[in-house]
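Here is a friendly walk through one model, with the conventions spelled out along the way. Please keep the viewer open while you read.

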Amino acid sequence: MAKSKTPPPSTRNARTRSRAGFWRLFFRVSAVGLVLLAGWMVYLDAIITSRFEGRRFEVPSRVYARPLELYDGASVSAAALERELALSGFRQGDGVKPGSYRRRGGQFWISTRGFRFPDGQEPRRRLTLTIAGDQVVDLRVLAGEASPIVRLEPAQIGGIYPSHQEDRILVRLDQVPPLLPAALMAVEDRHFYEHFGLAPLSIARAMLANLKAGAIVQGGSTLTQQLVKNFFLSQEQTLARKANEALMSLLLEWHYDKDDILETYLNEVYLGQAGTRSINGFGLASQFYFGESLAGLEAHQIALLVGMVKGPSYYNPRRHPERALKRRNLVLSEMEEAGLISAAEANRARGLPLGVSERPSYSENRYPAYIDLVRRHLARDYREEDLRSEGLRIFTTLNPSIQYAAEYAVRDTVPRLATGEVRDALEAAMVVTAKDTGEVLALVGGRDPAFAGFNRALDAERPIGSLIKPFIYLTALSHSDRYTLITPVRDQSFVLEFDDGRRWQPKNYDGEEHGEVPLHRALAKSYNLPAVRTGLDLGVDAVAETLQAFGVTSPISRYPSMLLGSVSMTPVTVAQIYQGLATSGFNTPLRTIREVTDAQGEPLSRYPLEVDQVADPAAVHLVQYAMQEVMQEGTGRSAYYTVPRQLTLAGKTGTTDDGRDAWFAGFSGDLLAVAWVGRDDNGPTSLTGATGALPIWTRFMASLPQHSFSPVVPDGVSYHWVNDERQALTGEHCENARYMPFITGSEPEQHVSCSGALERRIRSWFEGLFQ
């Protein structure tokens, strides 16, 4: 029997020392690894707690249009009402389900969703009304709280988004229909309330399936892991990212309870894209796809949203309806299997269409030029970072019907104004305000209103031409001892010579001269020479001070050329100064914001009407008279080819050299509008205010129901029949008689009679009997 060989002691000792050295190294490496892991865990823990504590989401501010108020007598056309319903996310349907409406001719059945306004909650209602003659008649509330006035939910017209362009509507778990989280867990994580952030068996099954397929075909992630991936990590598929995901999931579950994690998931999950903006969370997805609040969703709609979690782009119901339908029905089967809905309910739901609204109710900023002005007004009171992250609700003055009319007028008219190269180069801008309040109702920044680039309404500073003339004559008429509407002003050329030898010789637009003309006619016909003479008589400084009183804040070059409108302004600035003319000398700062609330609806800022009297209402009244004459007899008379003759308007044309800028500013009893037409390169167009800007202005005014401009005669003004050529009082039926306003005491003292006056009076009396 052979004897076993025993290793020599030296060899045994070497092996023992080797094993001992290995374990020492192993424990040391393990200890270092544990220390590093602990340090890394502390780092990850700090990331989790800092992000989850306090403000977890950057929520964009939402910008709303003014709400449409419906009541008997409200002015709105059937087409405009239908547009506003669509803009606010209402769907054509039975008019019974909240957020739907039905139309038959001029009759509407509308079911509102309710909305929290700054002054309180507007409840859900079902109502019917009829539109006749562009007015609401027979408004009746069929269900809900009775009220003679019903406010529709305002349309969201845009938002101020975080830099990462994520958008969401935050919801609390107790606001979510219970079927949604139940369905989500049935499909994505059935053991959510049982595991500690990881599901080892699910991970093992997924790994096995992926190994068999040779690719990633199945995921084993829990809802917690999905939240960690979306909330903290990138989408890259690496072992390091997966390891961090697992560690952070454990830490998240350690710190926070399941309901908190689930609520955060419901608000974070990515569910689609709207241009550059991502749709995050079920709250916004419900609005985006169905135009409905989350609480109002039915089982088939919940199933679609839950199904989209797997791949929002792949299962986009607007782009890939067949895929989305198949996925939704699969989710409905999962819900049935989990006992969340009955077999009958599942079968009925599978037979329903997707029910997705035709267009997203929340899209990119619909009116970029208007939102631009809103942001500039907000910048006075709010930091940009707060606007991007605090979820403020901004209620503006924008009127969607008026905005639509302004956009259509610009878009449809500009291509008709010229041909060839000029037509292609033409641009335009428009500003519309409420005449009495200065609320900006509409704003168009270019011939393509949807373009979010250069905003000409706010940033195109261009010479205003003859738009300055009402302010020259207002300055003059404020001196009633020297000027009245019938004061003769000389329409005759002259030359100014300056100390440096330069000469300046103003001319009329057509090069003709008319001798002495009454002041009111000089304004109505927009003669240049009388305006310059009057301005020089008053002093350039006096005219500049009038402009500044009416709202011009930029420096004004005080040269004689300023009297022909060389001073540059933006369309918004022009609207500001003409607002004072429309409101009888009260400077009313333009405003776009009515109120701002926080995300919970609590008021933060109110923007009430502000007025400051800057001119004598009596003198302004005289200018208003002359501006009405502009429309009836002067450079604006072509407006009445389109606008009804019975609609009294007041306005003024403006033109600069070579037609580089064409302007029109004017107002009715309800609206003030300013239109500008020109080229961005400041090239010539050969257009005038009457042939370039006025057609846009007229198209806009003709498209809306409104009242005539009928100013109240202020104290200190009296009307008299006068012969303006002879600067004398006369009889009503005398030849050349005009009924004109005068600041009391400035009317003519001389009186001229006329032959045949008695016969004309008698004839007029008899004619009146038969009218």
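First, the ground rules. This is a predicted model, in which local features need pLDDT of at least 70 and side-chain atom pairs count only at pLDDT 80 or more, while totals for chains, interfaces and linings use all residues. Residues are numbered from 1 along each chain as its sequence is written, and side-chain values use heavy atoms, with hydrogens and water left out. Helices (H or I, at least four residues) and strands (E, at least two) are DSSP runs numbered from the N terminus.

**The antiparallel sheet**

Let us begin with an open sheet of five strands, ordered β17-β16-β30-β29-β28, whose pairing is antiparallel; two strands pair if DSSP finds at least two bridges between them. At its edges stand β17 (440-444) and β28 (650-655), each pairing on one side only. Direction ignored, neighbouring strands here are turned by 5 degrees against each other on average. For such angles, axes are lines fitted to C-alpha atoms (for helices over the stretch in contact), and values run from 0 to 180 degrees between N-to-C directions.

| Strands | Sense | Bridges |
|---|---|---|
| β16 (residues 426-434) and β30 (residues 671-679) | antiparallel | nine bridges |
| β28 and β29 | antiparallel | six bridges |
| β29 and β30 | antiparallel | seven bridges |

From β29 to β30 the chain passes through a hairpin of three residues.

How many of the residues of β29 are buried? Seven of the seven are, so β29 is largely enclosed by the rest of the structure. Buried means under 20% relative accessible area, exposed over 50%, and partly exposed in between (1.4 Å probe, protein chains only). Asp661, Trp663, Ala665 and Phe667 point one way from β29, whereas Ala662, Phe664 and Gly666 point the other way, and all are buried.

**Helices on this sheet**

Helix α14 lies across β16, β17 and β30, and runs at about 25 degrees to β17. Helix α21 (residues 571-582) also packs on the sheet, where it touches β16, β17, β28, β29 (661-667) and β30, and its direction makes about 145 degrees with that of β30. Contact means heavy atoms within 4.5 Å.

Helix α14 (residues 400-413) has a helix partner too: it packs with α23 (residues 689-702) at an angle of about 140 degrees, the axes being 9 Å apart. Ile402, Ala405, Ala406, Tyr408, Ala409, Val410, Asp412 and Thr413 in α14 meet Pro695, Ile696, Arg699 and Phe700 in α23. The residues of this contact divide into nine nonpolar, one polar and two charged. In this scheme Ala, Val, Leu, Ile, Met, Phe, Trp, Tyr, Cys and Pro count as nonpolar, Asp, Glu, Lys and Arg as charged, and the others, Gly among them, as polar.

**The mixed sheet**

Another open sheet has five strands in the order β11-β1-β15-β25-β26, with mixed pairing. β11 (156-160) and β26 (603-606) stand at its edges with a single partner strand each, so one side of each is left without a neighbour in the sheet. From one strand to the next, the twist averages 20 degrees. β1 (residues 61-64) and β11 pair in the antiparallel sense over four bridges, with Ser61 opposite Ile160 in β11. Helix α12 packs on this sheet, touching β1, β11, β15 (393-396) and β25 (593-597), and its direction makes about 50 degrees with that of β11.

Eight of the eleven residues of α12 (residues 368-378) are buried, so this helix is largely enclosed by the rest of the structure. Among them are Tyr370, Leu373 and His377.

**Aromatic pairs**

Rings of Phe, Tyr and Trp (its six-membered ring) pair if their centres lie within 6.5 Å; planes under 30 degrees apart count as stacked, over 60 as edge-to-face and the rest as tilted. By this rule the count comes to 13 aromatic pairs. The rings of Tyr314 and Tyr315 are edge-to-face, because their planes stand at 90 degrees, with the centres 4.9 Å apart. Tyr314 is partly exposed at 46% relative accessibility, while Tyr315 is buried at 14%.

Ring pairs also link Tyr64, Phe115, Phe117 and Phe395 into a cluster.
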